[in-house]
Structures are given as C-alpha cells and as structure tokens.
Protein chains: 2
Amino acid sequence: LVPAERLTVIVNVADDDLFFGLHVSPDVDTTIYNLSGAAPAKRGWGIAGDSSRVLGALERFYDRSWFRIGDRDLATHIFRTDGLRAGVSLHEITGRIAAAYGVRSRILPVSDDAIRTAVRTRSGRWLSFQSYFVERHARDRITAVAYRGLRRARPAPGVLAAIRDADVLLLPPSNPFTSIVPILDVRGVRAAIRKRRVPLVAVSPVAGGRAVRGPLGRMLRAHRMPVSPLAIADLYDGLVDALVIDSADRALKPRLERRGLRVAVMNIHMHTRERSRAVARAALRIAAELERERGWR
Amino acid sequence: LVPAERLTVIVNVADDDLFFGLHVSPDVDTTIYNLSGAAPAKRGWGIAGDSSRVLGALERFYDRSWFRIGDRDLATHIFRTDGLRAGVSLHEITGRIAAAYGVRSRILPVSDDAIRTAVRTRSGRWLSFQSYFVERHARDRITAVAYRGLRRARPAPGVLAAIRDADVLLLPPSNPFTSIVPILDVRGVRAAIRKRRVPLVAVSPVAGGRAVRGPLGRMLRAHRMPVSPLAIADLYDGLVDALVIDSADRALKPRLERRGLRVAVMNIHMHTRERSRAVARAALRIAAELERERGWR
C-alpha cells in the first residue's frame, strides 16, 4: 500500500534470546522474513520450506530442542551473533540482514541494548518469554510481566527520528504486553509519539472477547483487564488517535468514541494477505481522514 | 587393533580457526568423525553424506564461502563455540563432542590455549593455515612456518600424564610442520616423551620423494630439507625409536638404521581401512619387538 522504501518498522527486541549460544531476534526476523516473502504462509515464525538438519545434529549435544530453528533461519542467527561479537550494533546487523533478504523497508530494532520480557507464573517462578511461550506453549497462568533492562535501554539510532519524521504512525495488532509496551517504554519513545503532528492508528489485537492470536487474553486477565478493545484503549491511553476494531466489538464503538478515539469497525482477522491489506488500508484511510479534519498538514 | 578405551589421541589445535564466528577444530573433528565412523570414505574432512543448507544461506551474508562446512558438522562448531563462550575448556568440550559421537577413545586437544599455524608465502605475506590450505588450495610457495601462541601454550590436563602412562607412543604420518611439531613443542611434551620407558614409533609421511598427502613436500623444500624419510628422522631426531617407511624408500633403510632407528618397510599408503590397519599393525609390531629386546617392561 506504500512504497517499501517509505516504511520504517520499529521492532520489539524483548523476546530476543540465546539459543545454542546464538542471538535470536524472533520479532525482527519474522518482520524481515515476512516483508521479503521468505516467511511461511501459515506458521508465524521461520522460513517457508526450511529444513532442520543442524537442529537434528544439535540434538546430539543439547536436550533443549524445544526451540525449533530451521537451517536457513540459523544462518541469520550465526551472522547476527558473529557481528555482535565483533562489536557491530544490533541495529546495524539488522539492517544488513534485511538488505541481504532484499527488504527495502527500514527494519529498526527499538534498542541496541538488551531488554528481556519475563513472566511470573502462578507458582511464583519467573520464566523468560521464549521459555514461557515456546517451551511451555503459553500454558501457564501469568501473574506478572516484567521487562528486564527496559529502564536503562536507549533507543537505537534512528528510532526517535523515524517517529518524529513519520507521515503516519501505526500500532499493529501485536500483543501490547510482549511486543508494544517494551517499545513504547524505551526512553524517549512515548515523548516522541506525544509530540507528533500526524495521526497514530492502532489495530486492536482482541476481537469478540478473545485475543486475535497468542496468550494476550491470559495476560489481560493477569492485569485484571477485560479482553476487550476497551483494555487496549486503556493501555495506549493518550497515545492513539484511532482504533480499528473487529465487527464483533461493534457495540463498543460509542464508548471508545466518547474517550476521544476515532473508531473503524471491520473484520480484523488477517488470515490471508488480502485481509491484511484490507486492515492496513482501513488504518491508512482513517489516518488520512484525521489528518484532513484536524488540519495537521 | 586395540580396545578403543585404551587409545588416547593427542590432537593438534594449531589449524583451529574461526569461521562465521564459530570455533572450528579441524583436526579434532576429523579424528572424532573418523573414530566414530561418521567421516566420509574418501574426503579428508567433514561428515559423510552431510548437506550444506546453512552454508548456502550463509552466502547471503558472507563472501568467504571457501571454507565448506556441512550442516551436521556445523552443529559441532556451534556446540563448541557455545561451550567456550560459557567458559568450558576446549579439552572438556572435545570430550563431550567425542562422547556425543560415541567415541570411546580419549580425544585430547594438546592445549586449551590458542596456537595458530601461519605460513609466509614468497610475497612475504603471512597467511593463516586455513587460508593457505583451504582458501588458496596450498598453491603458494612457502618461505616460513610459524606457530603463534605456541611458546605460551600449556598442555591440556591429561596430556602429559597420557604420554607418561602410555604403553606405546605413535606418531602418525601427519604433516610434521602443521600437525606434529605444534604438539611436540607445547611446554613439557618433548620432555615427557624423552622420559618414556616405552617405544615411540613414527610412520613416515613421505614416500618415494613425495608427500603421502598434502603440502608437506613444499614445506620440506621451504626448510631446505629433502622430501625423504631422512628429513622426517631429522625432524623427530632424538624422539623416535622406529620409523615405518614406504617400500619405495627401501634403499634408505641402512642410513636410517645407522642413525639408531629401527625401520620397517612396507606399503604405507592408507587408501583403505585395510591398508590403515596393516600400517598400524606394523607400527605396533615394531614397538612390541623393541620393548622385548630392550627389556623396557
């Protein structure tokens, strides 16, 4: 919908982790693989048609084979780890990986510093996000979410400027707790967003009382929040101008509008590329309307 | 020919190198893959039938694809690098890799410290061993060989004791410059060998005026030495009791014997497992003879 060169994606790094001593950046890689067309149609991670020869051989040495890494995906982690050890910054390496995959959009990890999501389960134990999400299949009841390193993390070069110079800002329907808040809470990011003179449109990650994907429902309940776009409006309070919500939540539109939000209602489930384009188009349309009405430009 | 448990192989680490940020120990791995039966029948490195999916994907990121690493082989390097970065010593990790491959013999890298062979070519340029040997196909004329780190390197735990406690010591027909000298010159190794009360038998790595394998001929010439078992006797002077030489060098037997060496003459080319066994058997036989005659035990 927009020229690839004009898109900047600021990506969460709080679910980065070390596997087999290799630095894996799941959100960054998923973004790159999706934009390059290398991602699988159905599965939410890795590379389409990838083999797992190395993983099979690693099982000679390690038990923890719960984190599946395909062979072509592994090359990305080897390159990233090699670069980091040589002193290259994460955002610089990310740029090289994106370029190697032919991605013309700018992929910016929100920070070069380590931020790590941890979740506390009912047993009181803290788990790394990947251990909770992948190893334990997001089964545990969660009592708290914490972001280690977030307070000290500085935005990667280019992040604040990208927010400042954007024509429109979008928050995708990712899990706010695991993917959006650890971006927003990096030093300077909320302030840069507040200073904007362009619309910020969010797409709801919940629809009809359920998370569109993943363990968000459980996390909302852990925070004693309803699994509803109302909770999303609370989480992004004061930051967003508009919300795209699902037809199943149509009845909530007036309440959201009373809070000053512009609301678009549609099918927000993005099971196909066409559905994704439709949602993105709605978000851009609402942004254009707001811009015109408010005379921002 | 001997129970696997009774064999200790002290292995050169001077051709270790980093590829893609991963620590590769070519001699250690070749030893483990050979003893486990994973090595290819013909090729002198890697794992039989290995694929190279990751290497193909790494070529997105790197030019230097001259060092071929198969997928299953790569898992070994990932595990080794992960362990080293976590502070595990090289000999300890080597033991775990050997165990994972079902090798019951003890595989001991001669040192946990970095030793690196470098060769100087006629242009005066110094090359790492792998760059000379693999990248440049050992084409360059060599004017010098140096071992960086060798003087400071300490023997790995178990190395000197293995030499002290051995029933027999064997020097295989490896390239003395690239594989044997950087073992012998590790602190304490020559002294431990000199104190032995058991025979040391070497198998000649040259036959009929040519190296049995690899660039040894060129290296001998660089040192102004003949490509002959006489040069091998010089290189191992005072250390070896016996030499197994090739039938093509039969005429040299009296000269070698005058230097106090016991000499066995046979076909030393080890193109098949049967040939390898025959050479090993000859070496063990000559050791047994020496032991009996000299009343060492």
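This is a predicted model: local features need pLDDT of at least 70, side-chain atom pairs count only at pLDDT 80 or more; totals for chains, interfaces and linings use all residues.
1. Surface. The accessible surface of chain A amounts to about 14000 Å². Carbon and sulfur atoms account for 48% of that area.

2. Burial. Of the 297 residues in chain A, 52% are buried, where buried means under 20% relative accessible area.

3. Secondary structure and overall dimensions. Chain A contains 12 helices and 13 strands. Along the principal axes, the C-alpha atoms of chain A occupy a box of roughly 60 × 45 × 40 Å.

4. Contacts along the sequence. For chain A, contacts between residues at least 6 apart in sequence were considered. Of these, 64% join residues that are at least 24 apart.

5. Relation between the copies. Two copies of a chain are related by a rotation about an axis and a shift along it. Here, chain A is superposed on chain B by a rotation of 180°, with 0.0 Å of shift along the axis and an RMSD of 0.0 Å. This is the relation of a two-fold axis. The same surface serves both copies, in that 100% of the contact residues of chain A recur in chain B.

Terms used:
Residues are numbered from 1 along each chain as its sequence is written. Chains are lettered from A and ligands numbered from 1 in the order in which they are written. Side-chain values use heavy atoms; hydrogens and water are left out. Helices (H or I, at least four residues) and strands (E, at least two) are DSSP runs, numbered from the N terminus. Buried means under 20% relative accessible area, exposed over 50%, partly exposed in between (1.4 Å probe, protein chains only). Contact means heavy atoms within 4.5 Å. Accessible areas come from the Shrake-Rupley method with a 1.4 Å probe; for residues, only the protein chains shown count as cover. Copies are superposed by least squares on the C-alpha atoms of residues with pLDDT of at least 70 in both.
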